[in-house]
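Please open the structure in your viewer and keep the sequence beside it, so that each selection can be followed in both places. The tour moves from one stop to the next, with a short account of what is there.

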Amino acid sequence: MSDTPNSWFHCGHCGSLFRSPAGDAESRVCPECGLDPSLGVEPVPVEQPAPIVPADTSQRPREPEKSSRKKRRGSHLIFKLIAIWMLLLVGIVVGAGYLFKKAPAGEKSAAAEPVNTGPTPEEAALLTEGGPLASQGFFGFLAAGTPEARNQFVLNPITTASRMARFYDLNPIVTIAPETLTLLKSAVLHLPAGRAIETLWNTADGRQIDAVFVEQDNEWRLDWDHFVRFSTYPWALFLAGSGEPEGEFRLLARQRLAEERKDAEDVSIVLYVPRFGFVNETGFQSPEFLVKRDTRNGRLLDAAFELEQSGKRVFGLDLPHDNPEGLIRVRVKVRRIKDDMGSRFELVDVLACHWYSTDDPGVEIQVSEPEK
């Protein structure tokens, strides 16, 4: 018997239990299957990393995460735009309510300012009925070749006849063929004595003229003084020293250095004779006239220049302003003075700030006024 103690072993092949000397491992065999009971020790397999394969971007679908982010961004942008639009609508509604609310007493609301919407039904009816008759009378006036023949078409023919004769002795008769006229616009003129019709015409040779008609004795008659820009003497000859020392003139007035002199005591103006048919041109110019602002004449001139700057016309007339920019129409009395101090001119009176045959000045000033 061997001195080495026996131990129990398990056969890894057939599963039998058997006893065998503990120290003789190489000669140990299983008595049942005759094989080495030990299966041996195999190394534990090491997990190898997966090979890196380059991605084929041409065939890889879009990542859903980025797509969802884009969708979320687009949704957020839409919501922001809707919110901004709602805020703008609320602002508009609130602002409109503020503008249209009733203004306090003594103040004018901007929304309450009158808006020119064209002629009223009464004015439209007057233009429809009286317009063709006024045009017919105007054509008869232009076709007449002599002052005597023209007199039958003018306002106040009896008192106008003597002025017409004297005027045409010093000024040529304006010749316009009626068939060359084109009516641009007509409007109702509200004069203190009643309604009139003012018309604006173009001629074939490029001139622009305006004519006013007043209903008298069931006829629409031409305001001749306004049409010819009547003056008692030609302005150029008067400035040259000819004729009576004082006369009445229909002229254009321009304010000198209006901005620089706005705080001065005097209004500085220069007078020009208009050129018939050429609204943007002027004729002979006068010397400077200084008119005290605190006089009736000064206030009339200030009011007329302010009205011109606002783009409006006297008596609320709804026709384009056909004066050269910055100039106003005036009817004035001017005196020529010649003494030891030399020759000079004086503005005696501002009769009106228009050329119509009415003594109403056409602009409003303070009721209480100092002397001229």
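How many bridges join strand β5 to β6? Before selecting anything, bear in mind that this is a predicted model. Select residues 208-216, which make up strand β5, together with β6: the two strands run antiparallel and are joined by 4 bridges. Within this pair, look for Q216, which stands opposite E219 in β6.

Now widen the selection to the whole sheet, which is open and built from 4 strands in the order β3-β4-β5-β6, with antiparallel pairing. At the edges you will find β3 (182-191) and β6 (219-222), and because each of them has a single partner strand, one side of each is left without a neighbour in the sheet. If you turn the view, you can follow how neighbouring strands of this sheet are turned against each other by 30 degrees on average, direction ignored.

Is D210 buried or exposed? Its relative accessible area is 2%, and because residues under 20% count as buried, D210 is a buried residue. Leaving aside residues up to four places away in sequence, D210 touches E198, T199, L200, H226, F227, R229, D322 and R329. Two of these contacts deserve a distance label in the viewer: the side chains of D210 and H226 are joined by a polar contact of 3.3 Å, and those of D210 and R229 by a polar contact of 2.8 Å. Then show G277 as well, which lies 67 residues from D210 in sequence, although their C-alpha atoms are 8.5 Å apart in space.

For the last stop, select helix α7, residues 296-309, whose 14 residues reach 20 Å from the first C-alpha to the last, close to the 20 Å expected at 1.5 Å a residue. Colour its buried residues, which are N297, G298, L300, L301, A303, A304, F305 and E308. What covers the buried residues of α7? The elements to display around them include β7 (246-255), β8 (266-274), β10 (289-292), β11 (327-339) and β12 (342-352).

How values were computed
Residues are numbered from 1 along each chain as its sequence is written. This is a predicted model: local features need pLDDT of at least 70, side-chain atom pairs count only at pLDDT 80 or more; totals for chains, interfaces and linings use all residues. Side-chain values use heavy atoms; hydrogens and water are left out. Two strands pair if DSSP finds at least two bridges between them. Axes are lines fitted to C-alpha atoms, for helices over the stretch in contact, and angles run from 0 to 180 degrees between N-to-C directions. Buried means under 20% relative accessible area, exposed over 50%, partly exposed in between (1.4 Å probe, protein chains only). Contact means heavy atoms within 4.5 Å. A polar contact is a pair of N or O atoms within 3.5 Å; within protein, one must be able to donate a hydrogen and the other to accept it, and residues adjacent in sequence count only if both atoms are side-chain atoms. The expected span of a helix is 1.5 Å times one less than its number of residues.
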